[in-house]
Structure formats: structure tokens, C-alpha cells
Amino acid sequence: MNIIDELQWRGAINQQTDAEGLKELTQTKSISLYCGVDPTGDSMHIGHLIPFLILKRFQLAGHRPVILIGGATGTIGDPSGRNSERSLQTLEQVQDNVDALTNQMKKLFVTDGDNQVRMVNNYDWTHQINIIEFLRDYGKNFSINTMLAKDVVASRLDSGISFTEFAYQILQSIDYLHLYKNEDVQLQIGGSDQWGNITSGLDLIRKKEGNEAKVFGLTIPLMLRADGTKFGKTADGNSIWLDPKKTTPYEFYQFWANTDDRDVIKYLKYFTFLSQEEINVLAEKVESEPHKREAQITLAEQVTRFVHGEELLAQAKRITAALFSGDISSLNAEEIEEGFKEMPTFTADKETKNIVEWLVDLGIEPSKRQAREDITKGAISLNGDKVNDLEFNVTADLAIGGKFIIIRKGKKNYSLVKLG
């Protein structure tokens, strides 16, 4: 299957500047293509991941991807998708972000082989351009009328846009021109909000290099959940980051494992490298055996393995299994901290205490009467072991790793107690 046909089957194409021309080009030769990300933070989130997975698919099909880290454009700020001016970061902060994103990209995408992903930073060629060159050699090729008509600019005219952000599309166009001339790049891909910037780059290349220049643009659709809400955030609005320090591998795994049945096949097409046949089998299981959630588990395993590797995937699955079975004692302190990060947390000293008093003092039970009732009924477990004895004493020796005691009240109500 041609790479363009595959992307269409996966629902991963929104717009193309020349669909027939690009398909013919990719069928006849191996091409270089690029996608960029600005270092506005020190980690990508899963929304950023989508266009770079398209790069990876091109690589697997024998093409040559280029990843651009926007060390220059990141100092300016892309106005796309914003209603107000972006706060400028210091050059030092931008460089720190460049380093972090470069390492993240290398971990995810750089492999050995003839079609190894190339990493570039647009600061390397942009910082050499002085203001006169910028205006004469590049600015002269852009019509203000055309720039104003671009969606990214037009949407900001009422609220206001600075010349700095207005000029962003010129800088991105310079990137495409540079990569066309120096890296033989013929295709730029990006999110749907990048259409105006991409087409500006095509226009600049043709003005500089001639109308016969074979260059193309492709954007991916805006990703929405089946309920119409924005993809890539938790229920409380937090982004799902690729950095394990920002979103733990367990949280990352759980995000995918909890995917709605209506979305899971779409996500399998976007975020995994499973074949059409494999995904079709999973689609049938969503219809016939939705309670088994086999598609969701496969999705969670595939994406977590790609982003975090086999070892952290195994850890995420181990935490998941322990929470499901109640076998908390099988986890170590690090896994306890990760798995119970978002659960109610209490602090207690290491003094030995009767279980009834301990639960009431922590606030987990509202009264000694209720505590006695729950203990007698077998509703209280410590580290996975039920406590039925009203005379049971809680000691520091019970703490996992000397730090944590997990309380389960009923079947699903977990609390984390940290011993201080």
C-alpha cells in the first residue's frame, strides 16, 4: 500500500496542496519530508505526537524524515490556535527547552539505518540573517494582503496581533526554503492549524526557486473525542505529557486504557503501527466483546511501549494488575507512589496505634463506631490484607518501603498514607 493510501485509510489526512502529485512522487522515489515543533515547553504532549507519527510512517515506508526543533521560531511564538499574544521566554529558557525536546525526539524517532531521522534546529540558519536581509531577501516576497487573509492571522485581527507574531509565517517559510535547498525536503506536514504557514512556505520556494519546484504540503485533522471534547487531556483538564516526570507511565497507560469504545479504533489507526488486518480484528471485538476491552488494552500497550519502552510498560501493567486484584504488597515504594499519585493522601507519624483510633485520627473513618463496623464486616484492608481484629495495631513495620500504607475501604476506595 502506498504511504498516502495508508494515511487516508488511517484518517490521517486533512488537506493536501497537490494530492495526485504527492502520491505520484512518493510512488516513484524516496523523498525527504519534515515536521517542526517549537520549544515552548520542555516536553511534548500526546497532541504534538500525531504529526511526528506520520513522519515515522514515512520512514517505515522508506522515506527520509527531518525533525525541526524551532530554536528560532520558539523565541517568537506561533500565533496559531491562540486568542492573545504569547509571553516571550528568555533565550536561556528556549535553549533549555530545545535540549529537552531534542533528547525526547532522539529517544522516540532516531534509529540506525540509511533512512535515519535527521534533527535540525532553525536557529542555526536564522540567527545569521540581519534585518536588512530579512526585509529585502524574504519580506519582499510576501504580500500583506495575502498574509492578512491567512486564517491564523485573520482570527487574531479583532483581538490584535503584534508584528512579531504576524511575521512568524515568514520565518517558517524560510525554514522550508532552507530545507528544500540544503536537505532536499519536498514535503512539510503539520496540524490543521499550520495550513497557512505551510502554503506560505510553498509560495516562497516557488518565488525563489521557480514554479517548477516540486514541493508539497499535508496537514492532519484536528483530533476530537467522540463526545466533541478536545483530545489529549484528562477529565480535569491536565495534558498527557510524554515526559514521565510530568505524566507517569502508569497515568499514561491508564489514559489510553480508558478510551471510549467510540474512539478506540480511530486511536489505533493514528497512534499505533498495527496493520489494517490487526486493527480490523480489534474493531470486530469492540462490537462483539466490548466488555473485554481488548482494543483499549492493545492501544495502551502499543503507545506506552513506543513512548516509554518495555520496562516502564511492564511497570504500568504491574501497577494496574495490583490495583485491580488488591495485591498491593507486590508493589515497591516507587510503584506505590506512581499508582496512587492522584488518590486521597494522608500523613501519619510512625507511632504504633490501634486500628480504630488510627482510621478516625486520619479522617478516613468519621467515627469509632463506623470504624468498628467496617472492620468487623471485613471492609478495611491494609496493603491488600483484610483487617478483622478490632485490637489490631498499626505499626511502622507495615509500611511498604518504610514509607507507605495503602488503605482500601470497600472494593474501590483507596487511600495512601505516608509515614512521616
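Six strands make an open sheet, and their order is E1-E6-E5-E2-E3-E4, with mixed pairing. Keep in mind that this is a predicted model.

Now the edges. Strand E1, residues 15–16, and strand E4, residues 118–121, each have a single partner strand, so one side of each has no neighbour in the sheet.

How do E2 and E3 run? They run parallel, and 6 bridges join them. E2 covers residues 32–37, and E3 covers residues 64–69. Within this pair, leucine 33 sits opposite proline 65 of E3.

On to the helices. Helix H10, residues 168–183, packs on the sheet. H10 touches E2, E3, E4, E5 and E6. Its direction makes about 145 degrees with that of E5. Then there is helix H2, residues 19–28. H2 lies across E1, strand E5 (185–191) and strand E6 (216–220). Its angle to E6 is about 105 degrees.

The largest pocket holds about 1,300 Å³ of space. It is lined by 46 residues. Which of them are closest to its centre? They are His45, Gly47, His48, Asp193 and Gln194.

Which elements give two or more residues to this lining? E2, helix H3 (46–60), H10 and E5 do. H3 gives the largest share, 5 residues. So much for elements; now classes. The lining of the largest pocket has 19 polar, 17 nonpolar and 10 charged residues.

To recap: E2 and E5 belong to the sheet, H10 packs on that sheet, and E2, E5 and H10 each give two or more residues to the lining of the largest pocket.

Terms used
Residues are numbered from 1 along each chain as its sequence is written. This is a predicted model: local features need pLDDT of at least 70, side-chain atom pairs count only at pLDDT 80 or more; totals for chains, interfaces and linings use all residues. Side-chain values use heavy atoms; hydrogens and water are left out. Two strands pair if DSSP finds at least two bridges between them. Helices (H or I, at least four residues) and strands (E, at least two) are DSSP runs, numbered from the N terminus. Contact means heavy atoms within 4.5 Å. Axes are lines fitted to C-alpha atoms, for helices over the stretch in contact, and angles run from 0 to 180 degrees between N-to-C directions. On a 1 Å grid over the protein atoms alone, a cavity is a set of points where a 1.4 Å probe fits but cannot get out, and a pocket is an open set with protein on both sides within 12 Å along at least five of seven lines; lining residues have an atom within 4 Å of a point. Grid points are joined across faces, edges and corners, and a volume is the space filled by probe spheres set on the points. Ala, Val, Leu, Ile, Met, Phe, Trp, Tyr, Cys and Pro count as nonpolar, Asp, Glu, Lys and Arg as charged, and the others, Gly among them, as polar.
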